[in-house]
Amino acid sequence: ERARDLWRDRTPRKMGGRHEFVASSADATRWQASDRRQPGSQRALRHTRSLGRKTADDRRAAFRPKTNASMSTIAAVLAFFLVAGARADQPDGAYESGSYPNPTPCPVADLPSALRDPGGLGEWVVEDELCYDRFPRRKASMIGSYVLWKDTFKGMQPHLTLTEEDSEEEPEYDDRVAGGFVSMAFAQRACCDGWWGRGIHLEDGKGRSERCEFIKREHNVSTWFPTTVTDTKPNRAGTPGGGKWTAEFHATDGSLKRFRNDSGTWTWNEGDVHFDVVGAADLPVAVQLDEQALGFEYPYEREYPPHRLMTPAARCNPLIATSDSAAYRDCVEALKDDDATGKIKIAIVPLYFTTTPVSSVDVGKVRKFFAGGADEDASADQSSTFAKWWRDSSFARMNEMELDVFAPVPINLPEYVFDSEASAKNVRSTSDACAAEAAAYKGQKEGFASEAARSASSKCDPALDCVRATWTRGDDSARVYGYENVAYDATYTCVDLVGKERPGGGDEGNDVAMTGVLLRHGINGAEAYHGLTASEPAYACVDDTNFLNTNHQHLVGSLGSLAVDPAVYHRVVFATWRTRCTGYGGSGYYNVLVDSVWKQFGSSMTIGTTTWASLGGDVNMAPSTPYRLGGNSRPSDYVNPKGSAGTFIHELVHSFGVKNHARACSNDVRTHLGANVEYAFWTYPCVVVEYGSPFSVIGKSAGSAATHVHAGSMYDMHLLHKDDIEVITRTGTYVIIPLNALTTSSGDKRAAVVQYTDQYVLSADVSDWTKIMPPIWVEFRVAQGVDKSLDWSEYAANQEGIFLNWGHQYGDVLLDLRFGVPDDENSASTPVLRNGDSFVVNQWSDGVVVGDVTFSDVSVASDKSFASFKVTYSSTGRVANRGGEIKPRFYAGSSPYPATKFVTYPTSDDPNPTQTYEQYADGTANASSEGAKVFSSGLTRGLLFASLSLVWMV
């Protein structure tokens, strides 16, 4: 007994952690709390491991041989000193696997510093807060998992850049092309499931991913002690030998169980090894980057940083490795303020054809066109119609945009080809046989296994048909080769032309043959353009897709020297100067050929600047929208908020993160949402019309009734935030001010968002994100700012109610709540829910209606300063605990530990949020989640068996 007491009083050697040696455990089960501070923690919670409730005498009796009791006791004490005293100053792990002839100990001092001081590595982040660019990505497979923030967060990649891939790289899949270019415009912002998707490989069309090298801590979600720590990053500082390693822990107390690295595996036999930082609550945790995120379930949450700041936010990336998450967030937030540092810089590149003298390209008119009109001051961007639209519609959150117009860049193609010349240039359409083959290729992916097979057996001939050679992926991911028919209808033909290799420079290089240049016929008569009459010889227009195309395989024409610094400009606009043809407007990832090498611009637009060609050389065109219904004319004092920049604004909204258009229902939504038909993620609440909403610049005719963007899309662009939005999860009456209000007071809410899919969150398959329906956005708008047209008689009723939008990730859907008014064709012009109306959305679960949500009691203030409405949640009671009000924890977000639908994460104030303890009769405690691990202590195991051996000898 004296020997045991002396041993207990020894001070064990501490090597970055606690190593406690217990000779007998009859009174050893106890909790000890140390006030020693650790980085990022309040307290380090530790205890010795219990061997169970049996007393030491009980256990000895179970193994006691039939010999003298006193001799047994002496032998046990002797064995204790022999074993424990041998390595009391150097706790080791016994080598248990490998090819070494002799077991090699692994001293605690040789363990990675990441185990002894995880806070010293930096900040950690809950893994499901990081995945797939969105906060929060809830994944059941990530419960209790933390990863090092700087290892796994990648930040924003410059949107206009390509990364040349190492030609020696072995692609992850055999059918991929090695080498070539990867578009970083598609790069994910963080690692997910151990991989970082860094972009799309443009030659083979597949995503390029690389394995992430990072350290991960996995915890038992009852005790919150670590179960496994794995480091896959080689040569991390503080790791002896620099290799990859894994450590396993006993979940009941967080003591070390096993350690493996490249050399082998060790099991600890020299006592309990505790580290001062053991639980999840002791980790320094990264801040929530998007503090103003609502916490939507995947995939409805917005991305961070915002798309519109893709290029400038890349400047914050160095802070990921050198600083902390708060510094990175502060850097991005400073850019969001759109001051001189974060202003949106847009490069406008005029393009001109060989049929147009460069001297006739008026750069000043190009600038005025994009600024909003001929009367704009070209030197004062912030006073332009374009800038005013963004300032008013963003509540002054986007105050500065800088438009830089570059010198004109030549195209090695003519703008048009006279019909009389086309026959000499091999004009052709597509044969019926070729068209049928191309249709089967496009629709069913029926094609050829190789380029050689396509050349030998295809019914299409590029010299005789209007086609482009291309390839796609089959269902088995293998390449399928074929031809795409670009003669989309009878108005298209192809010709063969010759142009210069490097147009516009002093050295234009060699002539190059351009096979299959696409022409469009009969778009407008010649007399529609300035300076032309009906007597002009017939001609066809050269299509923009010949020299600007999202598919680089379709490029046949080239551009001259093009110098746009992707580190400086957020967006690039290609403005094609035309004199007698119309052009396209679009936003995407456009490819161009420059000096025989194709190049992609990640966030780019093409806008055919044909306006002055049809207006006597001027650009002062009154936009066609918003327009009146029934033949009414606009008031004489009405000033259009878009000017000539409507298409430009529309495409910018897309490039700022709104993937699709403002849609609307073309039938009565009540036949869907309130009927006995269950809706799902892949379906819509009604028959949806693309560009259907008249109340958005990305809707019908770029805003046929009003131009402000709907609330959900404003949120996606980071122009509406959590503080601006009323989050509704329970029955009540709610108040919102106009979405387009020019000023606000403290506490005002510009919009509301209604969650109604609690029944899916609570269903058995919580990992299926397709069971989560989009929220419904509520907004109220009045005739001011960019929506003054709402004062017109046919739209005025919309100021007396609330708009409801189904907030799908693939674009808002405006719910027409007064279908058929004033008529079916113009029904969406008055879709609001007004006083006396009600609208019901069913809540479904596994094919059963379990509840409903009712919108009612709409009331608008007499001065239109606010609107109120009631939301009522009801449960049918048909399925227990489903339907009705939404449980707030599913909508709580993170600060920084989330209450997810899988588990509640701990904080330093509540280190064991879900753990309970059972008290033994003698006052000792045991974690109820797993129970004590009998004989789990390596030292006690070794001591016991050594003692038994000596006893038998005696």
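Lys 445 is situated in the loop that connects helix H12 (432–444) with helix H13 (451–457). In this predicted model, Lys 445 adopts a positive phi of about 60° although it is not a glycine. Its relative accessible area of 36% places Lys 445 in the partly exposed class. A positive phi near 60° is also found at Lys 864, again a residue other than glycine. Lys 864 belongs to the loop between strand S40 (848–860) and strand S41 (867–875), and with a relative accessible area of 25% Lys 864 is partly exposed. Most residues other than glycine have a negative phi, and most peptide bonds are trans.

Cis peptide bonds were identified as well. One joins Tyr 304 and Pro 305, with omega of about -5°; Pro 305 is placed in the loop between strand S17 (272–275) and helix H6 (310–313). Another cis bond joins Thr 625 and Pro 626, where omega is about -5°. Pro 626 is located in the loop between strand S29 (597–609) and helix H14.

The protein as a whole contains 18 helices and 43 strands. Of its 954 residues, 56% count as buried. Among contacts between residues at least 6 apart in sequence, 68% join residues at least 24 apart. The accessible surface amounts to about 38,100 Å², and carbon and sulfur atoms contribute 49% of this area.

Helix packing was examined for H10 and H14. Two packed helices are described by the angle between their axes and the distance between the axes. The axes of H10 (residues 385–393) and H14 (residues 646–655) come within 11 Å and cross at roughly 45°, which means that H10 is oblique to H14. The crossing is right-handed. H10 contributes Phe 386, Trp 389 and Trp 390 to the contact, while H14 contributes Phe 648, Ile 649, Leu 652 and Val 653. By class, the residues of this contact comprise seven nonpolar, no polar and no charged. Within H10, the residues Thr 385, Phe 386, Ala 387, Trp 389, Trp 390 and Ser 393 are buried.

His 710 lies in the loop between strand S31 (688–689) and H16. His 710 counts as buried because its relative accessibility is 1%. Apart from neighbours within four places in sequence, the residues in contact with His 710 include Ala 662, Phe 695, Leu 739, Glu 779, Arg 781, Asn 805 and Asp 812.

Asn 805 is also among the residues touched by Pro 775, together with Phe 296, Tyr 300, Val 753, Tyr 756, Trp 806 and Gly 807. Pro 775 occupies the loop between helix H17 (758–761) and strand S35 (776–779). At 1% relative accessibility, Pro 775 is classed as buried. Although 479 residues separate Pro 775 from Phe 296 in sequence, their C-alpha atoms are 8.5 Å apart.

A partly exposed site is provided by Glu 96, whose relative accessibility is 44%. Glu 96 forms part of strand S4 (residues 92–97). Beyond its neighbours within four places in sequence, Glu 96 contacts Arg 258, Thr 265 and Thr 267. The C-alpha atoms of Glu 96 and Trp 266 are 5.5 Å apart, across 170 residues of chain.

Note on methods
Residues numbered from 1 in each chain as written. Predicted model: local features only at pLDDT ≥ 70, side-chain atom pairs only at ≥ 80, totals over all residues. Heavy atoms only, no water. Helix = DSSP H or I, 4+ residues; strand = E, 2+ residues; numbered from the N terminus. Buried < 20%, exposed > 50% of the residue type's maximum accessible area, 1.4 Å probe, protein only. Contact = heavy atoms within 4.5 Å. Areas by Shrake-Rupley, 256 points an atom, 1.4 Å probe, with all protein chains shown as cover. Axes fitted to C-alpha atoms, helices over the stretch in contact; angles between N-to-C directions. Parallel < 35°, antiparallel > 145°, perpendicular 65-115°, else oblique. Left-handed = near helix turned anticlockwise from the far one by under 90°. Nonpolar A, V, L, I, M, F, W, Y, C, P; charged D, E, K, R; others polar.
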